Amino acid sequence: MQLFDQKLENAFRKALITWYLEEKRDLPWRKTSNPYHIWVSEVMLQQTRVETVIPYYERFIEKFPTLADLAGAKEEDVLKLWEGLGYYSRARNLQAGVKEVVTEYESRIPANRKDISKLKGVGPYTAGAVLSIAFGVPEHAVDGNVMRVLSRILLIEEDIAIPRTRKIFEEVVMKLIDKEDPSSFNQGLMELGATICTPRPRCLLCPVRDFCTAFHEGRQEELPVKSKKMKMKTVPLLSIAIRNTEGKWLLAQRPSKGLLANMWEFPNVENDGGDIQEIVKANVGITIGSLTSLIDFKHVFSHLTWDITGYMAVTDQEAPEGFRFFTPEEVEALPKAVPVQKIWDEAKKSVVF
Ligand code: SF4
């Protein structure tokens, strides 16, 4: 890896920032300098595409326009607005972090890395993004896009799948960052990674091609170096929408920690290939009849795939322990993860309310 000399560094910053200011996409969180709104957008954008985030961001800011609004909201309402965006712990952590700002920092988001990093859910990237974009503090904000861009420009061949590699990129950004306009510098790197220096880079359109070592050596598609992920585990699941004689549906809330914490779901049991009514009796504690097939699909998490077979059934029994019956309107209102919503959508098509 080699950094540029002073003159080249200046020219690189200028080329990147000029391009960013002229070409940046028109995104709702780029029209505000409200640090809380920028924080929300950065949390939503983690692992999630820009196009997906836009409507969620707009609804979220409309419903919780201030730190106080989010701090005082019911967690269930927050999760409901996050429904479909995935990685729900982000929403819970965001609300917890916002509560800390309200109670411990007089509703002012700390404008230094040490304090902002203590807030729940604020990692090195989010801290740097909020500090540079909202407060103009020259701090690094290194995510996968930024590592891809810089690994190519500076021919950094360290494995980005290893967590400590991020430190190398953070140091590089701290050296290169524009002290006058750290917001446009960081966002320029992110934008370049999102639109031009993508996994299959479009180098002929690139504003910083002249500075790019990988391009000059024809190695841009070899970078970044990223070792293979571990093999994903697949779990076969039965998910059964069970309705009682009053037309109410049986759901349970997931535990408050771990995957999809606190979200609501239909009885979800591992599918061992045996008789479905017996599996449900043994695992859920309820007898069901009139089994109808609804939908088969896979739901992919970062480390795990659920191979789901969805059914609908009826019962004349009471709700077993840990479950409750809900009217269709109540089911609509509960925060549900995407796979549960898919089954619910299919169940609704099959039943006349
Ligand atoms: S020249 Fe190509 S590889 Fe280099 S930064 Fe630009 S898009 Fe990326």
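**Ligand shell and nonpolar cores**

Biologist: Which residues surround the ligand?

Modeller: In this predicted model, the ligand is surrounded by Arg152, Ile153, Ile196, Cys197, Pro201, Cys203, Cys206, Arg209, Cys212, Phe215 and Gln220, where a residue is near a molecule if one of its heavy atoms lies within 4 Å of it. Residues are numbered from 1 along each chain as its sequence is written, and side-chain values use heavy atoms, with hydrogens and water left out. Because the model is predicted, local features need pLDDT of at least 70 and side-chain atom pairs count only at pLDDT 80 or more, while totals for chains, interfaces and linings use all residues.

Biologist: And by class, what does the shell have?

Modeller: The shell has eight nonpolar residues, one polar and two charged, with Ala, Val, Leu, Ile, Met, Phe, Trp, Tyr, Cys and Pro counted as nonpolar, Asp, Glu, Lys and Arg as charged, and the others, Gly among them, as polar.

Biologist: Switching topic, which residues have the most contacts inside the largest nonpolar core?

Modeller: Those are Phe12, Trp39, Phe60 and Trp249, in a core of 100 residues; a nonpolar core is a set of buried Ala, Val, Leu, Ile, Met, Phe, Trp, Tyr and Cys residues joined through side-chain atoms within 4.5 Å, and buried means under 20% relative accessible area, exposed over 50% and partly exposed in between (1.4 Å probe, protein chains only).

Biologist: Is Thr18 buried, partly exposed or exposed?

Modeller: Thr18 is partly exposed, with a relative accessible area of 37%.

Biologist: How far apart are Thr18 and Pro267?

Modeller: They are 249 residues apart in sequence and 54 Å apart in space, C-alpha to C-alpha.
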